[in-house]
Amino acid sequence: MPRKSANQLAMEAITAPWVEHERPPPPADMPEAAAIVWQEVVSSMKARHFLKEAHQLLARYCHAMAECARLESELARVGVGLPSYDRLSQRLNSTAATALSYARALRLTPKSNLESRADGCDPHRSMGPRPWEDEPRKPKLGSDDLRPHRSAIA
């Protein structure tokens, strides 16, 4: 096995902290419901999205989402007309708002995630004919397709 140069060893020392944070495991003391949310969130985002500085915020988000799930199941069990229903509904709304603010801070939502906003087009949609359509789509009135293209005018 060849020896490593001093530059290569220095670069490995710099990049080593990033390697351990690629897909962080949930904290050991996290409840099971929150740990499930952690695993789902971490696996759905790109590697190295969650650096060590964001772990506490991610833990708070996971706790809030687990609490939302618990409140939703409890709300479904309680009758609509009871006073506890209104109290549970208010708690659920405030917990969901808190979870949403954490999600935005962590850039988990599509709107707050810069990766998804880089190109405004949806790559899964096509303006051309769909495979099950026999004829190509007709342009809508007022669309740019009915106007002559600049190259056709010149």
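View 1. Ser94 has a relative accessible area of 41% and so counts as partly exposed (buried means under 20%, exposed over 50% and partly exposed in between, with a 1.4 Å probe and protein chains only). Welcome to a predicted model, in which local features need pLDDT of at least 70, side-chain atom pairs count only at pLDDT 80 or more, and totals for chains, interfaces and linings use all residues. Residues are numbered from 1 along each chain as its sequence is written, and side-chain values use heavy atoms, with hydrogens and water left out. Ser94 lies in helix 4 (helices are DSSP runs of H or I with at least four residues, strands are runs of E with at least two, and both are numbered from the N terminus).

**View 2. Thr95 is buried in helix 4.** Thr95, also placed in helix 4, has a relative accessible area of 14% and is therefore buried. Leaving aside residues up to four places away in sequence, Thr95 touches Ala64, Glu67, Cys68 and Leu71 (contact means heavy atoms within 4.5 Å).

**View 3. Helix 3 meets helix 4.** The axes of helix 3 (residues 55–77) and helix 4 (residues 83–105) come within 9 Å and cross at roughly 155°. Helix 3 is therefore roughly antiparallel to helix 4. Here axes are lines fitted to C-alpha atoms, for helices over the stretch in contact, and angles run from 0 to 180 degrees between N-to-C directions. Angles under 35 degrees count as roughly parallel, over 145 as roughly antiparallel, 65 to 115 as roughly perpendicular and the rest as oblique. The crossing of these two helices is left-handed (the near helix is turned anticlockwise from the far one by less than a right angle; clockwise would be right-handed). Among the residues making the contact are Leu57, Tyr61 and Leu75 of helix 3 and Leu88, Leu92 and Thr95 of helix 4. The contact residues divide into 15 nonpolar, two polar and six charged (Ala, Val, Leu, Ile, Met, Phe, Trp, Tyr, Cys and Pro count as nonpolar, Asp, Glu, Lys and Arg as charged, and the others, Gly among them, as polar).

**View 4. Helix 3 packs on two sides of the sequence.** The buried residues of helix 3, including Leu58, Cys62, Cys68 and Leu71, pack against helix 2 (32–44) and helix 4. Helix 3 has 23 residues and reaches 33 Å from its first C-alpha to its last, close to the expected 33 Å (1.5 Å times one less than the number of residues).

**View 5. Helix 2 crosses helix 3.** Helix 2 and helix 3 pack at about 120°, their axes 8 Å apart. Helix 2 is therefore oblique to helix 3, and the crossing is right-handed. By class, the contact of helix 2 with helix 3 has 12 nonpolar, two polar and no charged residues.

View 6. Arg107 sits in the loop between helix 4 and helix 5 (114–117). Its phi is near 60°, a positive value in a residue other than glycine. At 33% relative accessibility, Arg107 counts as partly exposed.
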